[in-house]
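I keep these entries to record what I looked up, in the order I looked. The sequence and the structure come before the notes.

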Amino acid sequence: SAKIRVSYFEKNGLIIGDAFLCLLPKKDIKNIYEYVLRENYSLEGLTISVKGQDIILSLLIYDRYFNSETGLKLFENLFEKADHLDNILVEQYGARWKEDF
């Protein structure tokens, strides 16, 4: 359900996968911020961030470490975690679905 944007910055060789999960709730955001911080501590290779109202799950990798095997594994992990986390954020923490993809 998350929209995923992949960007490549040739100048520095950085590949970024951003999964736009959902939007912050309109009220009572303390619990969702605490959850995001706890999740960031336990995630491997991924980071949850907030930009404006968007909650984003990101993967960063340099092209020199990227090949078909690692790319498939890393992006599958991003897709699976995004699908899992967006439901938790909406159902348990009051986040809002992002509808303007």
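**Entry 1: Asp54**

I began with Asp54, which counts as buried at 15% relative accessibility; buried means under 20% relative accessible area, exposed over 50%, and partly exposed in between (1.4 Å probe, protein chains only). I note here that this is a predicted model, in which local features need pLDDT of at least 70 and side-chain atom pairs count only at pLDDT 80 or more, while totals for chains, interfaces and linings use all residues. Residues are numbered from 1 along each chain as its sequence is written, and side-chain values use heavy atoms, with hydrogens and water left out.

Asp54 has its place in strand 4. Helices (H or I, at least four residues) and strands (E, at least two) are DSSP runs, numbered from the N terminus. I then asked which side chain makes a polar contact with the side chain of Asp54. The partner is the side chain of Lys98, at 2.7 Å. A polar contact is a pair of N or O atoms within 3.5 Å; within protein, one must be able to donate a hydrogen and the other to accept it, and residues adjacent in sequence count only if both atoms are side-chain atoms. With neighbours within four places in sequence left aside, I listed Phe20, Cys22, Leu23, Ser49 and Lys98 as the residues in contact with Asp54. Contact means heavy atoms within 4.5 Å.

**Entry 2: the sheet**

In what order do the four strands of the open sheet stand? I read the order as 1-2-4-3, with antiparallel pairing. Two strands pair if DSSP finds at least two bridges between them. Strand 1 and strand 3 are at the edges and have a single partner strand each, so one side of each is left without a neighbour in the sheet. On average, neighbouring strands of this sheet are turned by 25° against each other, direction ignored. Axes are lines fitted to C-alpha atoms, for helices over the stretch in contact, and angles run from 0 to 180 degrees between N-to-C directions.

I looked next at strand 1 and strand 2, which run antiparallel and are joined by seven bridges. Ile4 has Ala19 in strand 2 as its bridge partner, and Phe9 has Leu14 in strand 2. The two strands form a hairpin with four residues between them, and Gly13 in the turn has a positive phi of about 75°.

I also checked Lys3, which lies in strand 1. Lys3 is partly exposed, with a relative accessible area of 35%. From Lys3 to Ala82 I count 79 residues in sequence, but the C-alpha atoms are 9.2 Å apart in space.

**Entry 3: Asp28**

Asp28 is in the loop between strand 2 and helix 1. Is Asp28 buried or exposed? At 62% relative accessibility, Asp28 counts as exposed. Asp28 is not a glycine, yet has a positive phi of about 55°.

**Entry 4: helix 2**

Helix 2 covers residues 68–93, 26 residues in all, and reaches 36 Å from its first C-alpha to its last. That is close to the 38 Å expected at 1.5 Å a residue; the expected span is 1.5 Å times one less than the number of residues. At the start of helix 2, a side-chain oxygen of Asn67 comes to within 2.9 Å of the backbone nitrogen of Glu69. Gly94 follows helix 2 and has a positive phi, near 75°.

I listed the buried residues of helix 2, among them Gly71, Phe75, Leu78, Ala82 and Leu85. The buried residues of this helix pack against strand 1, strand 2, helix 1, strand 3 and strand 4.

**Entry 5: the core**

Which residues touch the most other members of the largest nonpolar core? Of its 24 residues, they are Leu21, Ile55, Leu57 and Leu89. A nonpolar core is a set of buried Ala, Val, Leu, Ile, Met, Phe, Trp, Tyr and Cys residues joined through side-chain atoms within 4.5 Å. Strand 2, helix 1, strand 3, strand 4 and helix 2 each give two or more residues to this core. Helix 2 gives the most, with eight residues.

I finished with Leu89, found in helix 2. Leu89 is buried, with a relative accessible area of 1%. Not counting residues up to four places away in sequence, Leu89 touches Leu21, Cys22, Ile32, Tyr35, Ile55, Gly94 and Ala95.
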